[in-house]
Amino acid sequence: MKILVVVDMQNDFIDMALGTKEAVAIVPNVVKKITDGDWDKIYVTYDTHGEGYMETSEGKNLPVPHCIKGSKGWELNVEVESALQAVNCPVVKVEKPTFGSVRLAELVGEDVAKEKCSVELIGLCTDICVVSNALLLKANYPELPIALDSACVAAVTPETNEAALATMKMCQIQIL
């Protein structure tokens, strides 16, 4: 089973509250990866916060309200959303209140228990949420082949993107 994990391709991370030109630049690559891949299942994570975000530990350390559930910033980029609607495989939405998703790891674990799987990750931000989810998956399923397409990720800065890619490579995640 070929699984694609699309991490947090939400408006706030692309061109709104925490957007970057690098995030905007990967959108066409992400769309192509979604539509051109022969995926058996796609998981899509949504960074999800509530109105009390600024009182959370994350909000105190990253004092920029973002991905407030129900807001335009929380929604997927329209091009990514259209690509996901066009695929012929199950697309599973996973809301996550923090960087890494324990629920995503559980869902992938259900797939791994049924049949041989491989996982590829793409999305935002390489240095926070992508690396967190990649390492959670690797820690839970050390024999699961996990890859990341470097043309389909972006980070807070180009430097932290390279650092995150190096970290994942050292943890035996294949960087494409």
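**A buried aspartate**

Select Asp-149 first: its side chain reaches the backbone nitrogen of Ala-151 at 2.9 Å, where a polar contact is a pair of N or O atoms within 3.5 Å, and within protein one must be able to donate a hydrogen and the other to accept it, while residues adjacent in sequence count only if both atoms are side-chain atoms. This is a predicted model, in which local features need pLDDT of at least 70 and side-chain atom pairs count only at pLDDT 80 or more, whereas totals for chains, interfaces and linings use all residues. Residues are numbered from 1 along each chain as its sequence is written, and side-chain values use heavy atoms, with hydrogens and water left out.

Asp-149 lies in strand S5 (residues 146–154); helices (H or I, at least four residues) and strands (E, at least two) are DSSP runs, numbered from the N terminus. Is Asp-149 buried or exposed? Asp-149 is buried, because its relative accessible area is 12%; buried means under 20%, exposed over 50% and partly exposed in between, with a 1.4 Å probe and protein chains only. Now display Lys-33, Glu-120, Leu-121, Ile-122 and Leu-176, which Asp-149 contacts when neighbours within four places in sequence are left aside. Contact means heavy atoms within 4.5 Å.

**Helices H6 and H7**

Next, select helix H6 (residues 126–140) and helix H7 (residues 158–170), whose axes come within 9 Å and cross at roughly 10°. H6 is therefore roughly parallel to H7, a term for angles under 35 degrees; over 145 counts as roughly antiparallel, 65 to 115 as roughly perpendicular and the rest as oblique. Axes are lines fitted to C-alpha atoms, for helices over the stretch in contact, and angles run from 0 to 180 degrees between N-to-C directions.

Show side chains at the contact: Thr-126, Asp-127, Val-130, Val-131, Ala-134 and Leu-135 in H6 meet Thr-160, Asn-161, Ala-164, Leu-165, Thr-167 and Met-168 in H7.

**Helices H5 and H6**

From H5, Val-102, Leu-104, Ala-105 and Val-108 make the contact with Asn-133, Leu-136, Leu-137 and Asn-140 of H6.

**A last stop at Asn-11**

Finally, select Asn-11 in helix H1 (residues 11–14). Asn-11 is buried, with a relative accessible area of 6%. Beyond residues up to four places away in sequence, Asn-11 touches Met-16, Lys-72, Gly-73, Glu-75, Leu-76 and Asn-77.
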